[in-house]
Amino acid sequence: MCNQTDRNVISHDEAFKKLLQTFFSEFLDLFFPEVNQLLDHSHTRFLMQELLVDIVGEERRSVDLLLETRYKSLDAYVLVHLEPQSYRQSDFNERMYIYFSRLFERHRKQHKLIIPIAIYTADGVNDEPNTLSMEIPGHTILHFQFLKVELRKQNWRTFIGSNNPVAAALLAKMGYNKEEAREVRTAYLRMILQFQKELDRAKLSLIMSVADLYFKPDPIMDEEILCDLSKQYPEYEVTIMELMPAWKRWGFEEGQLKGREEGREEGREEGREEGILLGRNLTIQKLLEKGFTPDEISRTLDIPLGDVVSNSTKRD
């Protein structure tokens, strides 16, 4: 059985992979624009996950994302290997070389080039090695180097003026201090307001789901930001509410905690269900206090209008 940490890693990895699949060209343009200009994305397609066997055949390894695209100057198909890394691993550079060598062995006749890229998302990652060399005096036996981006080394202010959706999704994972946390959150929401005019709901939800993995919930700060943005952009007040997943969680988290405490004598499952119901009711009350109509709350939280009206009646 997987523990909570395992589930969190799986959730992060799956969301991050989906982000790269959906916005591959935008990702390259953000961090490796010179590479992006070399490729013809009209020919890009993602390949099925490849299961590779290491040299001695004792360990199976699977690459995270592998895609085929057209290299303009070569007029040939090439492979791009993307490997998100959410934790520190001392021999990660060796693992990247093993991936490269297995891919080269398998695809060298069909593809003239393999471009390996590592994306470090761990907080403690800094100046990770991206080479593997072997040499003897006077001779270089091997020099392997892969492309890399360490998100924590990126200055968030560099990206807030960008119209790149990947920048918004990863803004909270970039380098900033505690004093800048509110600025980062506000900048992110402003970017989302802009993207909601340009992207469909599915893509916008994907960006928010990734960003929400990195933003630490702060109900007081988020409420202040919401009020400020609502004053600045009154025409977007409902939209702002819908774009803040943390708001939807506050009431649920408070209710679940209270429900667990009250439900200990009655049983864990009953307490959990009571907590979920109480959490939903608290969320509805918060939104009613902010002036949202029952219909707006129903659409925002995806719950029946009758449940909202019922809570509104109780409040009165």
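Analyst: Let's start with a word we'll need throughout: buried means under 20% relative accessible area, exposed means over 50%, and partly exposed is in between (1.4 Å probe, protein chains only). Asn36 counts as buried because its relative accessible area is 11%.

User: Before we go on, what kind of model is this?

Analyst: It's a predicted model: local features need pLDDT of at least 70 and side-chain atom pairs count only at pLDDT 80 or more, while totals for chains, interfaces and linings use all residues. Residues are numbered from 1 along each chain as its sequence is written, and side-chain values use heavy atoms, with hydrogens and water left out.

User: Back to Asn36, then. Which helix is Asn36 in, and what is Asn36 in contact with?

Analyst: Helices (H or I, at least four residues) and strands (E, at least two) are DSSP runs, numbered from the N terminus. Asn36 belongs to helix H3, residues 33–36. Contact means heavy atoms within 4.5 Å. With neighbours within four places in sequence set aside, Asn36 meets Ser25, Leu28, Asp29 and His41.

User: Now the sheet. In what order do the strands sit?

Analyst: Two strands pair if DSSP finds at least two bridges between them. Here 5 strands make an open sheet, ordered E1-E4-E5-E6-E9, with mixed pairing. E1 (39–46) and E9 (147–150) are the edge strands, each pairing on one side only. On average, neighbouring strands are turned by 25° against each other, direction ignored.

User: How many bridges join E5 to E6?

Analyst: There are 7, and E5 runs parallel to E6 (residues 114–120). As one example, Leu82 has Ile117 in E6 as its bridge partner.

User: Which strands does helix H2 touch, and which does H4 touch?

Analyst: For the angles, axes are lines fitted to C-alpha atoms, for helices over the stretch in contact, and values run from 0 to 180 degrees between N-to-C directions. H2 (residues 24–31) packs on the sheet against E1, E4 (65–71), E5, E6 and E9, at about 130° to the direction of E1. H4 (residues 92–107) packs there too, touching E4, E5 and E6, and its direction makes about 155° with that of E5.

User: What about helix length? What does H8 reach from its first C-alpha to its last?

Analyst: The expected span is 1.5 Å times one less than the number of residues. H8 (residues 219–232) has 14 residues and reaches 20 Å, close to the 20 Å expected. Its buried residues are Met221, Asp222, Ile225, Leu226, Leu229 and Ser230. They lie on the same side of H8 because they cover an arc of only 165° around the axis, taken from the directions from the helix axis to the C-beta atoms. Ile220 and Lys231, on the other side, are exposed.

User: Which residues does Arg182 touch?

Analyst: Arg182 is in helix H6, residues 181–195, and at 30% relative accessibility counts as partly exposed. Not counting residues up to four places away in sequence, Arg182 touches Met221, Glu224, Ile225 and Asp228. With Asp228 there's a side-chain polar contact of 2.4 Å.

Conventions
Polar contact = N/O pair within 3.5 Å; in protein donor to acceptor, adjacent residues only side chain to side chain.
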